[in-house]
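Subject: Structure for you to look at

Hello,

Please find the structure below, with notes on what was found in it. The notes start with the strands and then turn to the helices and the aromatic rings.

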Amino acid sequence: MTRAAAIWTGAVLLAAAIYLAIGVRAANTWAHPHRNTYFSSTPASFDLKYQDVRLPSRDGGIEISGWWIPRSGSGKAIVMVHGRGENRTTEFYDHFLDLGAALNTFQGHGFNILMIDLRAHGLSGGANSEWGIAERHDVEGAVDWIKTQGFQAASIGALGASLGATSCVYATEIGRAHV
């Protein structure tokens, strides 16, 4: 092998190694998001009654943390789901709970709200994020929990941002017959 060919081969191998290392690092970073446990406020900050809840993800083994914000007289409920690296309050630049409070008190015809922390986020269990594929089970578990509170499936909606939106779509499309 000539010196030029050896240098060229070495450069190609180095570039391939760097490319693979960047890919591995990116995949690891995505799968293990920063766990944000800072809550900018609680529903009590909006004079709302609420309950801390722990519920099982539908795939089992993962406990999901959330807040149930009931609305007296309402037969409708919404699951609110944050995006990657956020939690039930920090989405929308710390205004996700503001939206939940507004939906709960909307012109006297508000909704019951269940705000959850996805797996590997906030106070929920789990260490890995899976692009919404596994997180859909967290949304399904939230819907299951709301059903145990006496709500019918047709009166339960979902509102998600980013990873939360993906999780909601997977839960409704893939699990259509099961949600």
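**Strands and sheet**

Strands β1 and β2 make a hairpin with six residues between them, and G60 in the turn has a positive phi of about 75 degrees. This is a predicted model, in which local features need pLDDT of at least 70, side-chain atom pairs count only at pLDDT 80 or more, and totals for chains, interfaces and linings use all residues. Residues are numbered from 1 along each chain as its sequence is written, and side-chain values use heavy atoms, with hydrogens and water left out.

Helices (H or I, at least four residues) and strands (E, at least two) are DSSP runs, numbered from the N terminus. Two strands count as paired if DSSP finds at least two bridges between them.

β1 (residues 51-56) and β2 run antiparallel and are joined by six bridges; R54 stands opposite S65 in β2. β2 is also joined to β4 (residues 112-117), by five bridges and again antiparallel. There, G66 has I116 in β4 as its bridge partner.

β3 is joined to β4 by five bridges, and the two run parallel. The bridge partner of V79 in β4 is L114, and that of I78 is I113. Five bridges also join β3 to β5, in parallel, with I78 opposite G157 in β5.

Put together, this is an open sheet of five strands in the order β1-β2-β4-β3-β5, with mixed pairing. β1 and β5 stand at the edges with a single partner strand each, so one side of each has no neighbour in the sheet. On average, neighbouring strands are turned by 25 degrees against each other, direction ignored.

**Burial and helices**

Buried means under 20% relative accessible area, exposed over 50%, and partly exposed in between (1.4 Å probe, protein chains only). Five of the five residues of β3 (residues 77-81) are buried, so this strand is largely enclosed by the rest of the structure. A77, V79 and V81 point one way from β3, I78 and M80 the other way, and all are buried. In β2, six of the seven residues are buried.

Helix α4 lies across β1, β2, β3, β4 and β5, at about 145 degrees to β4. Helix α5 (residues 163-173) lies across β3 and β5, at about 145 degrees to β5. Contact here means heavy atoms within 4.5 Å. Axes are lines fitted to C-alpha atoms, for helices over the stretch in contact, and angles run from 0 to 180 degrees between N-to-C directions.

**Aromatic rings**

The structure holds five aromatic pairs. Rings of Phe, Tyr and Trp (its six-membered ring) pair if their centres lie within 6.5 Å; planes under 30 degrees apart count as stacked, over 60 as edge-to-face and the rest as tilted.

W68 and F151 form an edge-to-face pair, 5.8 Å centre to centre with 75 degrees between the planes. This pair links distant parts of the chain: W68 is in β2 (residues 63-69) and F151 is in the loop between α4 (135-148) and β5 (156-160), 83 residues apart. W68 counts as buried at 6% relative accessibility, and F151 does at 12%.

F92 and F96 have ring centres 5.3 Å apart and planes at 75 degrees, so this pair is edge-to-face. F96 is buried at 0%, whereas F92 is partly exposed at 37%.

Ring pairs also link F39, Y50 and W67 into a cluster. R88 lies over the face of W67, 4.5 Å from the ring centre (a charge sits over a ring if NZ of Lys or CZ of Arg is within 6 Å of the ring centre and within 35 degrees of the ring normal).

Regards
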